[in-house]
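Please examine the sequence and the structure shown here before reading on.

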Amino acid sequence: ERNKNIAKPYFVVHHGAGFLLKIWPTEKYAALIEKLSEIFPNLDCKIIMGPDDPDIAKYFTKSMPHVEFITGGMLEVGETMAGALFHIGNDAGITHVAGAFNVPSVGIYGPTGPGSWGSFSQHNELIWGKKGVCNLKCNYDVILNCAHRICLTSVTEDRVLEALYKVLQLAYPQNYSKLRLNPQVVIDFSEKDCLVKLGENELLLEYHNNTMKTDVEELLSSEISKEPIAGDLKMVTDVLVKQNIIFKVPTFN
């Protein structure tokens, strides 16, 4: 059972795996954890670190006093996962531990597809970096001899952050939240409208007046903003939320 009565809220990261050639680059995990400490300043981070997992501490660019390393056996891992608000990890056994505790999760997959090895958490996002990037059919020998691992190295921190926002918005709808712009969005502002691009999709927002122009530009220029409660801007916001252009991200205050 999950332990929801924890004194200090935290999230869990596992940057390793039994087969280290299937892991997302450790320096990207470190950068993501630093970013998450800014987004969720009141959350601790617990990093599960097995004896053969990379030393992630050397990749941090600043002091990280809120980070704790979990280096014990599976009982300690289970106790840690039971109280986690969310988990981010690779195609590895720890991701399935998160699934066993139904912890909202983001899984990062490369040579092996999530169709067979994905998490069974109720709220989870699966990133498969191989899709649309590499057409090789991977087996053990191919993975051993792959010099670029583009299926993993091509996955950006922003892509993982987008997946996390999707998970948290669905997993904690009752929590107080703030609007956060999808970090993968590209916006082209003009005098009469703005063009919002997300992947292969585009959305054109036309301004009806100067007030709407100011409000929309402020909404889409800020990484974080308050949710409007009425009026045209709320209607625009509702559309942007449905299109995953902005997310209602819990603050965990």
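The points below are grouped by topic. The model is predicted, so local features need pLDDT of at least 70 and side-chain atom pairs count only at pLDDT 80 or more, while totals for chains, interfaces and linings use all residues. Residues are numbered from 1 along each chain as its sequence is written, and side-chain values use heavy atoms, with hydrogens and water left out.

**Helix packing**

- Two packed helices are described by the angle between their axes and the distance between the axes.
- Helix α8 (residues 210–221) packs with helix α9 (residues 232–242) at an angle of about 35°, and their axes are 11 Å apart. Helices (H or I, at least four residues) and strands (E, at least two) are DSSP runs, numbered from the N terminus. Axes are lines fitted to C-alpha atoms, for helices over the stretch in contact, and angles run from 0 to 180 degrees between N-to-C directions.
- On the α8 side, Met212, Asp215, Val216, Leu219 and Leu220 meet Leu233, Val236, Thr237 and Leu240 of α9; contact means heavy atoms within 4.5 Å.
- By class, this contact of α8 with α9 has seven nonpolar, one polar and one charged residues. Ala, Val, Leu, Ile, Met, Phe, Trp, Tyr, Cys and Pro count as nonpolar, Asp, Glu, Lys and Arg as charged, and the others, Gly among them, as polar.

**Aromatic pairs**

- The structure holds seven aromatic pairs. Rings of Phe, Tyr and Trp (its six-membered ring) pair if their centres lie within 6.5 Å; planes under 30 degrees apart count as stacked, over 60 as edge-to-face and the rest as tilted.
- Phe40 and Phe86 form a tilted pair, 6.0 Å centre to centre with 55° between the planes.
- Phe40 lies in the loop between α1 (26–39) and β2 (44–48) and Phe86 in the loop between α2 (74–82) and β4 (87–90), so the pair ties together parts that are 46 residues apart in sequence.

**Pockets and cavity**

- On a 1 Å grid over the protein atoms alone, a cavity is a set of points where a 1.4 Å probe fits but cannot get out, and a pocket is an open set with protein on both sides within 12 Å along at least five of seven lines; lining residues have an atom within 4 Å of a point. Grid points are joined across faces, edges and corners, and a volume is the space filled by probe spheres set on the points.
- The largest pocket holds about 310 Å³ of space. Its lining has 18 residues, of which Arg2, Lys4, Ala84, Leu85 and Tyr172 are the closest to its centre.
- The largest cavity holds about 100 Å³. Pro111, Cys138, Cys146, Arg149 and Cys151 lie nearest its centre among 13 lining residues.
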